[in-house]
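Subject: Structure for your review

Dear colleague,

Please find below the structure that I am handing over to you. The findings follow directly after it.

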Amino acid sequence: MMTPPPSPLAIMPNPITPAPVELAKCYRLLNHGPTTLVTSAHNGVRNVMAAAWAMPLDFDPPKVLVVVDSRTLTRELIEGSGVFALNIPTRAIAETTLTVGTLSGRDVDKFDALGLVTMPARTIDVPLVAGCAGWLECRVIPEPHNEKRYDLFIAEVTAAWANPALFSNGRWHFTDAGSKTLHYLAGGAFFETGEAFTVEVKQL
Ligand SMILES: Cc1cc2nc3c(=O)[nH]c(=O)nc-3n(C[C@H](O)[C@H](O)[C@H](O)COP(=O)(O)O)c2cc1C
């Protein structure tokens, strides 16, 4: 007799209770350049895509930027709602990250198809992906020229959260390989975040 495939929910790490991240320090969630998942929602449609081109832009009030291709469903939903969330996935969900970055929500509900567990955001009406390491809730600062010409969206961060086991006191401290954040190369190839080390400024 064939063994049934595991439920998609079974591959998601246990949901944790996210801890708030001080807004002035939320840039540290993105400072090391992790690949993100952009979640969006508008008029009853929700979606998730991968975005490697996301980064901090300012400290206080905190701002981020993300490049969202004009052909994506995500782009349409962000333009409709003016909000999105950046979710920071870990190696444990790298396959999910690649898949949501390959399929379009125009063809399939990626949340349902992948069994993604979601959590409500606090300041925006957009789902957050459970099992991620960090989350930034973002409100677009309209810059039509950048958006049209470069697919570049600038947004203010209105709330930020992290898995307290992985990020606390403004620092990442990854516990095991599965918990490390991702850096995208191309063609399904990633690096995971490497070993942390500290140096002193040279005395000149
Ligand atoms: C790891 C990874 C990173 C990606 N980074 C970006 C990005 O920064 N910006 C972008 O527009 N598309 C990026 N993509 C492609 C989108 O995720 C892809 O076009 C997606 O299918 C769009 O989904 P949607 O139509 O449901 O919004 C990336 C894909 C992968 C796999």
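A nonpolar core is here a set of buried Ala, Val, Leu, Ile, Met, Phe, Trp, Tyr and Cys residues joined through C-beta atoms within 7 Å. A residue counts as buried if 20 or more other C-beta atoms lie within 10 Å of its own, as exposed if 12 or fewer do, and as partly exposed in between, with C-beta atoms placed from the backbone. The model is predicted: local features need pLDDT of at least 70 and side-chain atom pairs count only at pLDDT 80 or more, while totals for chains, interfaces and linings use all residues. Residues are numbered from 1 along each chain as its sequence is written.

The largest nonpolar core comprises 48 residues, and V64, A85 and L136 have the most contacts inside it. Among the elements that give two or more residues to this core are strand 2 (36-42), strand 3, helix 1 and strand 10 (152-162); helices (H or I, at least four residues) and strands (E, at least two) are DSSP runs numbered from the N terminus. Strand 10 contributes the most, with seven residues. Leaving aside residues up to four places away in sequence, A85 touches T39, A121, I124, V126, L128, W135, L136, E137 and C138, where contact requires C-beta atoms, placed from the backbone, within 7 Å.

V48 lies in strand 3 (residues 45-51). V48 is buried because 30 other C-beta atoms lie within 10 Å. Beyond four places in sequence, the residues that V48 touches include L37, T39, V100 and V129.

Strand 13 (residues 182-186) and strand 14 (residues 189-192) run antiparallel and are joined by four bridges; pairing requires at least two DSSP bridges. H183 stands opposite F191 in strand 14. The two strands form a hairpin with two residues between them, and G187 in the turn has a positive phi of about 55 degrees.

Finally, an unreviewed UniProt entry lists residues 28-174 as "domain: Flavin reductase like"; such annotations may be inferred rather than shown by experiment. Over residues 28-174 the chain is 19% helix and 39% strand, with the end C-alpha atoms 14 Å apart.

How values were computed: Contact = placed C-beta atoms within 7 Å.
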